[in-house]
Amino acid sequence: GPALLFVKTGQGKEEGRRFYACSACRDRKDCNFFQWEDEKVSETRLAAREEYNRNHQPSLTHRQNVDRYKNFVLLPLSKRRFCLDCQQLLLPAEWEKHSDHQFLCDVTTAQLKSPSQLLYPLENKKTNAQYLFADRSCRFLLNLLTDLGFRRVLSVGTPRLHEMIQSKASQEEFSVRSLLLDIDFRYSQFYTEDEFCHYNMFNHHFFGGEAAHETCRKFLYEENGERVIMVTDPPFGGLVEALASSFKKLMAMWRETENEDHAKKEMPMFWIFPYFFESRILDFFPSFSMMDYQVDYDNHALYKHGKTGRRQSPVRIFTNLTPSTIVLPEEEGYRFCTVCQRYVSSGNQHCEICNSCTSKDGRRWKHCVLCKKCVKPSWFHCNNCDCCTLPKHSCEKTEVGCFVCGKAGHKRSACPSLSRT
């Protein structure tokens with residue numbers, strides 16, 4: 001889809017040169033697109049770019065994948081094969097083409113309903129970073145959504161939550177439905193056009209064009225836009241500004257329903273992201289607050305629940321729902337703070353001076369009188385730096401000023417010399 005506009009800045013320079021680059025891939029090895037904003041591109045280069053794009057399109061359309069799936073489920077178990085090399089469901093006529101590949105035989109209906117476990121996760125941190133919810137977190141989220149009365153979930157980059165909803169809906173009387181928006185086109189093999197849209201959350205691009213955009217719009221408009229929530233779990237290395245822009249466009253789509261009350265409201269949302277991005281998220285969504293619940297992942301070595309100290313998962317839920325309505329499981333060590341009117345982790349003690357439960361990482365934080373705020377328990381106040389920091393740190397860093405203007409007292413992101421447009 002469309003590229004994003006970035007800027008290259010040099011030390012001490014107020015203005016940088018702007019350029020376009022891929023919105024989804026941060027590594028030039030994955031996508032080598034680069035163009036200066038003021039650059040004039042030749043017809044030859046444009047033609048080469050179009051040819052490159054054509055050659056990198058999926059070999060099958062979403063509709064063709066849906067038709068193949070219908071034929072696949074009609075096959076007896078002994079003829080159901082999945083190519084592990086190509087990550088593709090195989091029909092018997094295609095076996096010979098994949099004869100030198102590894103494949104999974106006797107693919108069951110249960111496996112087809114859990115594609116996130118059948119497909120290899122795309123774990124390139126600079127492109128996909130496809131980390132999948134652990135069963136504990138997935139079940140908690142789904143139970144929370146049903147308890148809050150939501151009946152439709154716009155699952156933006158949350159394939160495991162989507163498949164759990166789909167699976168429960170097919171096995172029992174379950175009134176919750178989900179629409180998955182994801183950049184991983186492999187899911188088109190398992191879901192119809194009403195269940196999955198190929199989507200880039202960094203530039204709000206629907207690869208299926210107007211038809212896919214309309215599918216999303218209709219999903220949001222059902223029941224006059226009521227009882228629907230967006231749940232998103234973006235790659236943690238992604239630009240918060242780009243993500244927030246796309247999420248606001250999805251919210252605007254919901255706001256256009258005929259319900260007059262929506263014009264003054266935000267679409268309910270769960271944004272799942274590490275706690276250290278809190279200030280960036282609040283810059284774009286001031287109505288959001290961060291919950292203490294630790295979200296963990298199956299295929300991430302560090303982001304696991306139950307670990308202690310700094311090894312705990314830093315991933316949290318940011319939401320625009322009233323914090324007191326988000327009930328966290330007491331059996332996992334969460335308790336309700338009557339002063340803050342929200343559930344917090346057991347180690348998050350209320351600070352009488354800050355008048356808040358201040359811990360972000362699950363440990364008990366301590367109040368620094370000089371900093372006038374609570375800080376991590378391992379930090380100490382440094383008189384040279386005039387702030388709390390780690391005991392083993394270099395005070396020399398305080399002499400380094402802003403990357404853009406060179407002045408001290410602020411970082412590049414807050415530099416007054418930068419345009420805020």
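Student: Why does Ser178 count as buried?

Tutor: In this predicted model, the relative accessibility of Ser178 is 4%, and because buried means under 20% relative accessible area, Ser178 counts as buried. The residue has its place in strand 8, which covers residues 177-182.

Student: Which residues does Ser178 touch, if residues up to four places away in sequence are not counted?

Tutor: Ser178 touches Val153, Ser155, His162, Ile165, Gln166, Glu195 and Phe219. For Gln166, twelve residues from Ser178 along the chain, the C-alpha atoms of the two are separated by 7.1 Å.

Student: What makes the approach of Ser178 and Ser155 a polar contact?

Tutor: Their side chains are joined at 2.8 Å, and a polar contact requires a pair of N or O atoms within 3.5 Å, one able to donate a hydrogen and the other to accept it, so the pair Ser178 and Ser155 meets the distance limit and is listed as a polar contact. The side chain of Ser178 also reaches the backbone oxygen of Val153, at 3.4 Å, a value that is likewise within 3.5 Å.

Student: How do you know whether Ser313 is buried or exposed?

Tutor: The relative accessibility of Ser313 is 1%, which is under 20%, and therefore Ser313 counts as buried. Ser313 is found in the loop between strand 13 (289-290) and strand 14 (315-319), where a polar atom of its side chain lies 2.5 Å from the backbone oxygen of Val295.

Student: Why are strand 4 and strand 5 said to pair?

Tutor: Three bridges join strand 4 (residues 81-83) to strand 5, and since two strands pair if at least two bridges are found between them, strand 4 and strand 5 qualify as a pair, running antiparallel. Within this pairing, Arg81 stands opposite Leu90 in strand 5.

Student: What makes strand 5 and strand 6 the edge strands of their sheet?

Tutor: The sheet is an open one of three strands in the order 5-4-6, with antiparallel pairing. Strand 5 (88-90) and strand 6 (103-105) each pair on one side only, and they are the edge strands. Neighbouring strands of this sheet are turned against each other by 25° on average, direction ignored. Helix 2 (residues 62-73) packs on the sheet, touching strand 4 and strand 5, and the direction of helix 2 makes about 50° with that of strand 5.

Student: What makes the salt bridge of Lys360 and Glu278 a tie between parts that are 82 residues apart in sequence?

Tutor: The side chains of Lys360 and Glu278 meet at 3.0 Å, N to O. Lys360 lies in the loop between strand 18 (356-357) and strand 19 (366-368), whereas Glu278 lies in helix 9 (residues 278-284), so the pair ties together parts separated by that stretch of sequence. Lys360, at 24%, is partly exposed, whereas Glu278, at 17%, is under the 20% limit and counts as buried.

Student: How do you know that Asp361 and Arg363 form a salt bridge, and are these residues buried or exposed?

Tutor: Their closest N and O atoms are 2.7 Å apart, a value within 4 Å, so the pair meets the criterion. Asp361 is buried at 7%, and Arg363 is buried at 18%. The structure holds 20 salt bridges, and those that share partners join Arg63, Asp67 and Glu193 into one network.

Definitions and conventions: Residues are numbered from 1 along each chain as its sequence is written. This is a predicted model: local features need pLDDT of at least 70, side-chain atom pairs count only at pLDDT 80 or more; totals for chains, interfaces and linings use all residues. Side-chain values use heavy atoms; hydrogens and water are left out. Helices (H or I, at least four residues) and strands (E, at least two) are DSSP runs, numbered from the N terminus. Axes are lines fitted to C-alpha atoms, for helices over the stretch in contact, and angles run from 0 to 180 degrees between N-to-C directions. Contact means heavy atoms within 4.5 Å. Buried means under 20% relative accessible area, exposed over 50%, partly exposed in between (1.4 Å probe, protein chains only).
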